[in-house]
Amino acid sequence: QGPYPAVAEFLLGNISSRLADKLREELGEAKAPSLVEGEQVQREFLSMLMTMKRSGQITLVTTPAPAEA
């Protein structure tokens, strides 16, 4: 599940248990991507998010940063 098991469990906990079990099995067998591959996937993901935002398919919500004391 990588370095963020809580995130993986949150995502897997919000889909059917059958699909979640299948994905857990596939993730367990998958090899870690190289740094270059990981960065490429991040760029593609962010590009798709911004395309969806510009077309109105999604709305990105931000929260204000906590005030410093």
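This is a predicted model: local features need pLDDT of at least 70, side-chain atom pairs count only at pLDDT 80 or more; totals for chains, interfaces and linings use all residues.
User: How many salt bridges turn up?
Analyst: Three, from a search of the whole structure. Glu 9 pairs with Arg 24, with the closest N and O atoms 2.9 Å apart. That pair links distant parts of the chain: Glu 9 sits in helix H1 (residues 5-12) and Arg 24 in helix H2 (residues 17-29), 15 residues apart.

User: What else does Arg 24 meet in a salt bridge?
Analyst: Asp 21, at 3.2 Å from N to O. Both residues lie in helix H2, three residues apart, about one turn of the helix.

User: And which residue does Lys 22 bridge to?
Analyst: Glu 26, with the closest N and O atoms 2.7 Å apart. Lys 22 and Glu 26 are four residues apart in H2, so about one helical turn separates them. Elsewhere, salt bridges with shared partners join Glu 9, Asp 21 and Arg 24 into one network.

User: How exposed are the network residues?
Analyst: Glu 9 is partly exposed, at 34% relative accessible area. Arg 24 is partly exposed at 30%, and Asp 21 is partly exposed at 47%.

User: What about Lys 22 and Glu 26, by relative accessibility?
Analyst: Lys 22 is partly exposed at 48%. Glu 26 is partly exposed too, at 40%.

User: Switching to the fold. What are the elements, in order?
Analyst: From the N terminus on, they run α-α-α. There are three helices and zero strands. The radius of gyration is 16 Å, well over the 11 Å from the globule rule for 69 residues, so the protein is more spread out than a compact globule.

User: What box do the C-alpha atoms fill, and how much is buried?
Analyst: Roughly 40 × 30 × 30 Å along the principal axes. Buried residues make up 4% of the 69. The accessible surface is about 6500 Å², and 62% of that belongs to carbon and sulfur atoms.

User: How far does H3 reach?
Analyst: 29 Å from first C-alpha to last, over 20 residues. That is close to the 28 Å expected at 1.5 Å a residue. Just after H3, Gly 56 takes a positive phi of about 85°.

User: Thr 62: buried or exposed?
Analyst: Exposed, because its relative accessibility is 70% and the cut-off is over 50%. Thr 62 is in the segment after H3 (35-54). Its C-alpha is 18 Å from that of Thr 51, eleven residues apart along the chain.

Notes: Residues are numbered from 1 along each chain as its sequence is written. Side-chain values use heavy atoms; hydrogens and water are left out. Helices (H or I, at least four residues) and strands (E, at least two) are DSSP runs, numbered from the N terminus. Buried means under 20% relative accessible area, exposed over 50%, partly exposed in between (1.4 Å probe, protein chains only). The radius of gyration is taken over C-alpha atoms; the globule rule is 2.2 Å times the number of residues to the power 0.38. Accessible areas come from the Shrake-Rupley method with a 1.4 Å probe; for residues, only the protein chains shown count as cover. The expected span of a helix is 1.5 Å times one less than its number of residues. A salt bridge is a side-chain nitrogen of Lys or Arg within 4 Å of a carboxyl oxygen of Asp or Glu.
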